Amino acid sequence: MIMALAALAGFTYTGLPARVVFGAGARRTVRAEAERLAITRALVLTTPAQTAHGREVLAELGDRAVGMFDGAVMHTPVEVTETALAAARALAADGVIAVGGGSAIGLGKALAVRRGMPQIALATTYAGSEMTPILGETERGKKTTRTSPDILPETVIYDVELTLDLPVGLSVTSGLNAIAHAVEALYARDTNPITSLLAEQGITALAGALPVITRAPADPAARTSALYGAWLCGTCLGSVGMALHHKLCHVLGGAFDLPHSETHAVVLPHAIAYNAPAAPDAMARIAGALRAAGVSEPAGGAPSTAAGLLYDLERSVGAPRALADLGLPRDALDHATDLALAQPYWNPRPIERGAIRALLEHAFTGSRPA
Ligand code: NAD
């Protein structure tokens, strides 16, 4: 049998350099990993809520560390970066070790790219920033994004034990944030068979794990599967271009200050439904990956679409489903539509005002995609 390649006309695949240490207790390799990168004066970075994780990593580093900065916050504000940079200079740090989710890792990237230092990321959520050469920063309320090979962490440590206390709600929305990277990779303009394999397996690993995590938050097998899925989905985000879903979340987060991972969770089924007519192969693969994880339509129900299956998964794990519940006022929908159309970007289905307004209306009320 001949294997059917979606991109029969050919494709380009660019692999990003990544050294990944994965496993329960993997944080204990941090000193050896720092040594490998010739880091002798590491600065540990984390958020105020994760100082305990930060201190543990600091202790593992021993005399290879010079201190900890625990002021990382969401969206990498430049003022916070300046404060951390001053600490790095004062301590003559020669490397950064970020412990946390996208906020701590974003700060690590911001410092590493400014000082030309190596970085190690110990990821504790499923957001995937550790696998990308992308840095989003905010200055006076405006978020800008840049991409450079110098932004990508040299080493990523995935220690499932650091994720056991990730609250269930955040585990769910962060996992859906990761699934969104894989979904958009499957219909990306530069999609390719290699990234698509990672995307399918990432979706299956996370979609299978999240329902277990909601029932048993410290289940080691489910946590391991979710973290593995997050790695694969993060690689998708770092490897190919994203489209409508990420654009909408960026707009909603930036203009209306909506929470990052919750916004991803709400918008995703609606973005999939929007793109479904233009990306049938991707839809089949998304639905197949969800079904492989055990997601199915209610007994006796009609066969579901990829968007319907994802919506049902979200409902089963108690994810937020309405932008209204995240604090978006109804009268913001027209402005959000304008912003979504303001700068052209690639999407498998053309961006049409009426259809985008309808998508936002559905996401606002949280109705099941048709
Ligand atoms: P986060 O890093 O802000 O974490 C959310 C909260 O959960 C924080 O208070 C954190 O301390 C806490 N937390 C994290 N892990 C925990 C754990 N294991 N146990 C207990 N508490 C824990 O959230 P996030 O969703 O991971 O990251 C969002 C940020 O990352 C946004 O700024 C987003 O723009 C950015 N991001 C960037 C990229 C990229 O490629 N550049 C990709 C994804 C996200």
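Tyrosine 228 and tryptophan 231 both sit in helix α7 (residues 220-239), 3 residues apart, about one turn of the helix. Helices here are DSSP runs of H or I with at least four residues, strands are runs of E with at least two, and both are numbered from the N terminus. This is a predicted model, in which local features need pLDDT of at least 70, side-chain atom pairs count only at pLDDT 80 or more, and totals for chains, interfaces and linings use all residues. Residues are numbered from 1 along each chain as its sequence is written, and side-chain values use heavy atoms, with hydrogens and water left out.

**Aromatic pairs**

A search of the whole structure finds 5 aromatic pairs. Rings of Phe, Tyr and Trp (its six-membered ring) pair if their centres lie within 6.5 Å; planes under 30 degrees apart are stacked, over 60 edge-to-face, and the rest tilted. Phenylalanine 22 and tyrosine 158 form a tilted pair, because their planes meet at 50 degrees, with the centres 5.9 Å apart. This pair links distant parts of the chain: phenylalanine 22 is in strand β1 (residues 19-22) and tyrosine 158 in strand β8 (residues 155-158), 136 residues apart. Tyrosine 228 and tryptophan 231 pair edge-to-face, at 5.9 Å centre to centre and 90 degrees between the planes. Phe22, Tyr158, Tyr228 and Trp231 form one aromatic cluster.

How accessible are its members? Buried means under 20% relative accessible area, exposed over 50%, and partly exposed in between (1.4 Å probe, protein chains only).

| Residue | Relative accessible area | Class |
|---|---|---|
| Phenylalanine 22 | 32% | partly exposed |
| Tyrosine 158 | 0% | buried |
| Tyrosine 228 | 29% | partly exposed |
| Tryptophan 231 | 22% | partly exposed |

An open sheet of 6 strands runs in the order β1-β8-β5-β4-β2-β3, with parallel pairing. Two strands pair if DSSP finds at least two bridges between them. β1 and β3 (65-69) stand at the edges with a single partner strand each, so one side of each has no neighbour in the sheet. Neighbouring strands are turned by 20 degrees against each other on average, direction ignored. Inside the order, 5 bridges join the parallel strands β4 (residues 95-100) and β5 (residues 119-123). Valine 99 stands opposite leucine 122 in β5.

Helix α7 lies across β1, β5 and β8, and runs at about 175 degrees to β1. Contact means heavy atoms within 4.5 Å. Axes are lines fitted to C-alpha atoms, for helices over the stretch in contact, with angles from 0 to 180 degrees between N-to-C directions.
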